[in-house]
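Got your viewer open and ready? Let's take a walk through this structure, one selection at a time.

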Amino acid sequence: MQHTIAPDSHGPLTAPMADAVSKCVHCGFCLAACPTYLELGQETDSPRGRIILMKEVLEGSLTVADAAPHVDACLGCLACEPACPSGVPYRDLISSFRAVHHETRQSQRSVGEKLRRKLVTSTIPHPGRFQLAAMSGRLAKPFKSFLPASLRPMLELLPEEKLPPLVVYPPVVSPPPDVPVRARVALLLGCAQQVLDPDINDATIEVLTRNGVEVVIPETQGCCGALSWHVGELPAAQKFAIKNLAAFPAKIDAVITNAAGCGSGIHEYPLILKGTKAEPAAVAFAERTSDITVFLQKLGNLTP
């Protein structure tokens with residue numbers, strides 16, 4: 001798709017956004033893969049429709065306010081990417097667009113929407129805070145009708161059962177004595193996962209160690225930054241990314257993730273830190289990050 005987006009008009013993120021726009025040929029293969037288009041049935045709520053809207057905003061022919069309702073409705077699921085025959089890197093466009101226009105959009109949001117976003121970004125990335133907020137939310141559920149409408153869906157998503165206690169992991173978990181060490185990895189624990197279902201991390205560590213993989217669990221690791229990045233809060237996302245770059249050791253075979261959102265977030269570190277001194281380190285970090293299943297398949301000779 002042709003465009004007139006001025007080079008560097010939106011900082012270091014201009015080039016990735018312009019590249020994504022130029023690769024779209026408006027073929028429509030993405031329509032059947034997009035949940036919001038299937039639900040709403042509007043061209044402007046499809047990936048190709050949003051690409052045109054974002055292109056026009058970046059070119060200066062459309063206001064952010066006009067495009068925002070449709071761009072904000074995008075789930076960021078990226079189901080459109082594997083469906084696209086042209087290989088449009090939609091993630092580079094949608095996340096970057098939200099980042100460069102975050103301040104403008106923030107000024108246009110209602111007080112309730114601002115409060116909801118602040119609660120989410122201030123709690124979920126921090127397991128201790130999130131656990132406290134989730135426990136408080138469970139107590140508030142019976143009174144949700146008295147709360148602002150923007151907060152009620154958050155309460156409805158909370159599990160009914162009692163939350164498990166936070167797990168404190170040792171810095172290193174080695175394979176059993178009778179299992180030879182075949183590899184050494186570092187595990188990203190995930191922020192929400194530590195609160196809602198820590199058994200996933202326990203199972204991940206058990207599977208890795210039974211297959212001869214020593215697991216390093218950096219004590220100073222934090223949120224991957226995906227949540228902040230996907231809502232357009234670039235400075236917060238960069239802060240989380242830089243913290244993890246410093247926390248994870250260099251002498252490992254891979255950084256392991258067992259949460260799709262975290263894996264996606266880390267693989268976008270080069271974009272999050274584009275134009276900064278940390279960009280080369282972000283590229284290297286993303287390249288050595290792997291889903292546990294993919295890593296074990298590469299390792300081979302697995303123990304069930």
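Start with the charged side chains: searching the whole structure turns up 13 salt bridges. Keep in mind as you click around that this is a predicted model.

**Stop one: a few salt bridges**

Select Glu43 and Arg48. These two make a salt bridge, and their closest N and O atoms sit 2.7 Å apart. Arg48 has a relative accessible area of 16%, which is under the 20% cut-off, so Arg48 counts as buried.

Now pick Asp45 and Arg50. Here is another salt bridge, with 3.8 Å between the closest N and O atoms. Arg50 is buried at a relative accessible area of 1%, and Asp45 is buried too, at 3%.

Next, jump to helix 12, residues 199–210, and show the side chains of Glu206 and Arg210. Both residues belong to this helix and are four residues apart, about one turn of the helix. They form a salt bridge, with the closest N and O atoms 3.9 Å from each other. Glu206 is partly exposed, at a relative accessible area of 45%. Arg210 also counts as partly exposed, with 39% relative accessibility.

**Stop two: a covered helix**

Colour helix 6, residues 90–100. Is this helix mostly covered or mostly open, and how many of its residues are buried? It is mostly covered: eight of its 11 residues are buried. To see them, select Tyr90, Leu93, Ile94, Ser95, Ser96, Phe97, Arg98 and Ala99.

**Stop three: the aromatic rings**

Time for some rings. A pair of aromatic rings is described by how far apart the centres are and by the angle of the planes. This structure has two aromatic pairs.

For one of them, select Phe248 and Phe285. Where do the two residues sit in the chain? Phe248 is in the loop between helix 14 (234–247) and strand 4 (254–257), while Phe285 is in helix 17 (residues 279–287). That makes them 37 residues apart, and the pair links distant parts of the chain. Phe248 and Phe285 are both buried.

Tyr269 belongs to helix 16 (residues 269–272) and Phe285 to helix 17, so the pair ties together parts 16 residues apart in sequence. Tyr269 and Phe285 are both buried.

**Last stop: Ile266**

Which residues does Ile266 touch, leaving aside those up to four places away in sequence? Select Ile266 in helix 15, residues 260–267, and bring up its contacts: Leu188, Cys224, Thr257, Phe285, Ala286 and Thr289. Ile266 counts as buried, because its relative accessibility is 1%. To finish, draw a line between the C-alpha atoms of Ile266 and Ala282: these residues are 16 apart along the chain, and the atoms are separated by 8.4 Å.

Terms used:
Residues are numbered from 1 along each chain as its sequence is written. This is a predicted model: local features need pLDDT of at least 70, side-chain atom pairs count only at pLDDT 80 or more; totals for chains, interfaces and linings use all residues. Side-chain values use heavy atoms; hydrogens and water are left out. Rings of Phe, Tyr and Trp (its six-membered ring) pair if their centres lie within 6.5 Å; planes under 30 degrees apart count as stacked, over 60 as edge-to-face and the rest as tilted. Buried means under 20% relative accessible area, exposed over 50%, partly exposed in between (1.4 Å probe, protein chains only). Contact means heavy atoms within 4.5 Å. A salt bridge is a side-chain nitrogen of Lys or Arg within 4 Å of a carboxyl oxygen of Asp or Glu.
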